[in-house]
Amino acid sequence: MPDTVRFMHVLTIGNALVDVLAHASDAQLATIGLEKGSWGLLDADEAERLYEKMPPSVEISGGCAANTATGVVSMGGTAAYIGKVRDDQLGEVFTHDIKAVGVDYAIPAATQGPPTGRCLILVSPDGQRTMRPYLGAAHGLTPDDVDSSLVAAAEVTYLEGFLWDPPGAKDAFRKAIDAAHGAGRQVAFSLSDVVCIDAHGDEFRELLQQGSVDVLFGNEDEALRLTGAGSVDDAAKQVQEWCRLSALTLGAAGSLVVTPDGQRRVPAAPVEKVVDTTGAGDLYAAGFLYGLTHGADPAECARLGGIAAAEIISHVGARPEVQLSTLL
C-alpha cells in the first residue's frame, strides 16, 4: 500500500487482466468454434488452446475497473486501483502500464498460485467483440488487499461486478463499501454483464436494496435482466427505487440517467467508425465519474461518459489513444 495516502477522485477495484486482442472475421470465429459477440470464462488449459488458434494478436493491459481508472486520469482526474496479478511476465506488463499512465497501484504481486489473468478478445469487422477471459490471479483478491484508508481517501470507490464471484473478493468488496460509507464517501457499482446477473442477481439486488450502492452502472440488457422489466424505461423506474443515481447505456442511442427526480436520455457522442467496442462501458463510467467528482450534473456526467466511450470504440483496445481531457 502507499506510504502516504492522498486524496483522489476515484478508486476502482476489479479483475486485473491483460487483454490479448486479435481481429477475426465471422468465418474465422466459426472455424474456432466461437459465437460472435459471446462471453465465457476459460480455465488455464482452455485459455492456452484458444490462444493457439487465435490470429496474430497484441497484448494491452485491461480489466474493466483498471480501464475506468485509466480513463479518469486521462480525463484529468486522479485515480487509484486495487487488483491482483502474479509475479510473471504479464503481471509485469499490467503493473508497468497502469502506473505509466498515472494511476496509483501498489498491490503486491502474488508469488504463488495461478498466473496473471488475461482476456482473449476477437474483434469482428463490425467492431463486435467475442471475449474469453481467464481470471487466474485476479480471483486471489482478499480483504487484506483493501486498505481502508485508501478507500476513505477516494471520493468514489467503483466496484466491478465481474469480480463478484470468489468469496475473498466479495469480502473485499464489502470491506470497501463499509470503509467508503464510514468515511462519508460514495460507492459505485458496475453490473458488468448479464452473465454476472444470472449468477449473482439476487446478491446484486440485495446490495442495491440495502443502500450499499450510491451510483449504478449497467447497459440496457443488464438493466432488463436485473429488474425483470419489459422495457428499459420500466427498468429505470425500478432502479430509481434502489439507487439515488443510475446510468444505463443504450449503445448508439446514448444513455439513460436515472435520479430521484426522474429519467433523462442523453445522446451518444458521434463517432466516425466503430472499430472495437471493447471498453466502451468502462470508459463511459470513467467520464461519468470524472464529471461526478468535479461538480457536474447527471446529464453532463453522461455527456462526458459518451465522449470517453466514443474515443475508445474508434480504435482497437480499451485504453485511450489520446488524452481525453483534450476532447472536453
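Hi everyone. Let me start with a term: a residue is buried when its relative accessible area is under 20%. Please keep in mind that the model is a predicted one.

With that cut-off, Phe-217 is buried, because its relative accessible area is 4%. Tyr-158, at 2% relative accessibility, counts as buried too, and so does Phe-288, at 0%.

Ring pairs link Tyr-158, Phe-217, Tyr-284 and Phe-288 into a cluster.

That brings us to H10. This helix has 13 residues and reaches 18 Å from its first C-alpha to its last, close to the 18 Å expected. Since 11 of its 13 residues are buried, H10 is largely enclosed by the rest of the structure. Among those buried residues are Tyr-284, Phe-288 and Leu-292.

The largest pocket holds about 1300 Å³ of space. Its lining has 44 residues, and Arg-129, Asn-219, Thr-249, Ala-280 and Gly-281 lie nearest the centre. Elements giving two or more residues to that lining include strand E9, strand E10 and our helix H10. By type, the lining divides into 23 nonpolar, 15 polar and six charged residues.

The second largest pocket has a volume of about 300 Å³. It is lined by 28 residues, with Asn-15, Trp-39, Pro-133, Leu-135 and Phe-162 closest to its centre. Which element gives the most to this lining? That is H7, with four residues. Here the division is 15 nonpolar, eight polar and five charged.

Last stop, strand E4. In a regular strand, side chains alternate between the two faces of the sheet. In E4, Ala-79 and Tyr-81 point one way, Ala-80 and Ile-82 point the other, and all are buried. E4 runs parallel to strand E1, joined by four bridges, and Val-10 stands opposite Ala-79.

Thanks, everyone!

Notes: Residues numbered from 1 in each chain as written. Predicted model: local features only at pLDDT ≥ 70, side-chain atom pairs only at ≥ 80, totals over all residues. Heavy atoms only, no water. 1 Å grid on protein atoms, 1.4 Å probe; cavity = no way out; pocket = protein on both sides within 12 Å on 5 of 7 lines; lining within 4 Å. Points joined across faces, edges and corners; volume = space filled by probe spheres on them. Nonpolar A, V, L, I, M, F, W, Y, C, P; charged D, E, K, R; others polar. Expected span 1.5 Å × (residues − 1). Buried < 20%, exposed > 50% of the residue type's maximum accessible area, 1.4 Å probe, protein only. Pairing = 2+ DSSP bridges. Phe/Tyr/Trp six-rings, centres within 6.5 Å; stacked < 30°, edge-to-face > 60°.
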